[in-house]
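Grab a pencil and work through these exercises on helix packing. Try each task before you read its solution.

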Amino acid sequence: MRVRLKGINSITKTLADGSERTYYYAWKGGPALRGEPGTPEFVASYNEAVARRIVTPQGTLQSPLRAFQASAEFSGLADRTRLDYVRQIKTIEKDLGDFPLAGLTDRRTRGIFMAWRDRLAVNSRRQADYAWQVLRRVLSWALDRGLVLANPCERGGRLYHGSRADKIWTAEHEAAFLNAAPAYLHLPLLLALWTGQRQGDLLRLSWSAYDGTHIRLRQSKTGARVVIPVGAPLKAALDAAKKHGPLILTNSLRRPWRSHSFQAAWGIATSKAGIVGVTFHDLRGTAVTRLAMVECTEPEIATITGHSLRDVRSILDANYLHRDPMLAENAIRKLERGTSR
């Protein structure tokens with residue numbers, strides 16, 4: 001019986017006599033394997049390397065990092081969030097995995113971890129903040145379970161203070177996109193503008209969630225259940241759309257989208273339409289803004305988009321509405337009507 005071994009990395013080198021020889025490693029950067037592929041010696045050396053690799057050093061930071069990834073809290077995260085966490089945890093393991101757990105109670109440890117975050121920030125402040133956030137969450141989880149005695153990453157602030165205050169899709173953006181983008185990207189735009197939902201939830205939205213008048217879904221990130229009345233423009237688009245499977249949104253091949261493929265297609269379409277500075281993710285904030293501009297209340301907006309009231313208020317106060325000139329126009333018109341009586 002032939003056994004397929006995963007992750008083996010091979011390198012072929014030319015020897016001094018001109019002949020070639022292939023060396024095999026358990027994985028890229030891993031230990032060299034003995035014997036020839038398929039032989040018992042080769043399989044045994046591979047199994048030894050894997051066994052050594054999966055042993056988690058006790059007493060180091062790597063231990064709670066591995067334990068967290070095997071926990072129910074981790075498995076309960078959205079698929080995309082888990083992938084992002086794994087990416088950050090690999091960075092943490094590489095830089096801090098051998099840090100002794102006994103050192104977490106030392107007051108100097110916080111400074112050491114902050115210096116590590118500062119080094120990451122040289123390349124990306126945003127990613128440095130994300131890595132800090134993941135480490136903080138893992139240590140908080142471990143502290144609750146008695147696996148560590150302190151969490152030196154509590155609080156700590158942020159290095160990245162970017163704002164999307166000006167990142168709103170205007171009517172001009174919408175018209176330009178619909179004019180330039182392929183037809184299979186029109187429905188994602190309308191769904192985002194009329195529901196205020198995240199990209200991942202829209203890409204997973206099934207036809208069974210639409211009953212002709214409402215869309216019902218459970219948000220993957222928060223678990224919130226939302227029931228959204230379908231506005232006339234969106235209803236017309238949904239009723240006219242052809243079904244190519246259980247999911248509403250499909251690509252040019254009539255297959256379900258993968259996240260990275262959708263992002264790439266969307267980027268090409270916006271570039272072709274001459275749209276710069278706004279992304280698909282900004283459509284969620286745009287939906288909140290448009291609802292507020294027609295005088296929807298914060299609870300009404302939250303019911304549609306699934307935001308908490310606090311998040312709706314944060315978006316309206318800090319990120320979007322104070323920059324929208326139409327709101328200023330509406331305010332002055334109201335003041336004029338009030339003072340003319």
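Predicted model: local features only at pLDDT ≥ 70, side-chain atom pairs only at ≥ 80, totals over all residues.

**Exercise 1.** At what angle do helix H2 and helix H4 pack, and how far apart are their axes?

Residues are numbered from 1 along each chain as its sequence is written, and side-chain values use heavy atoms, leaving out hydrogens and water.

*Solution.* Step two: H2 and H4 pack at about 165°, with axes 10 Å apart (axes are lines fitted to C-alpha atoms over the stretch in contact, and angles run from 0 to 180 degrees between N-to-C directions). Step three: that angle makes H2 roughly antiparallel to H4 (over 145 degrees).

**Exercise 2.** Work out which residues of H7 are buried and which are exposed.

*Solution.* Step one: in H7 (residues 171-180), the buried ones are Glu174, Phe177 and Ala180 (buried means under 20% relative accessible area, exposed over 50%, with a 1.4 Å probe and protein chains only). Step two: down the axis of H7, these buried residues fall within an arc of 145°, so they line one face of the helix (the arc is that of the directions from the axis to the C-beta atoms). Step three: on the other side of H7, Ala171, Glu172 and Asn179 are exposed.

Key. Helix = DSSP H or I, 4+ residues; strand = E, 2+ residues; numbered from the N terminus. Parallel < 35°, antiparallel > 145°, perpendicular 65-115°, else oblique.
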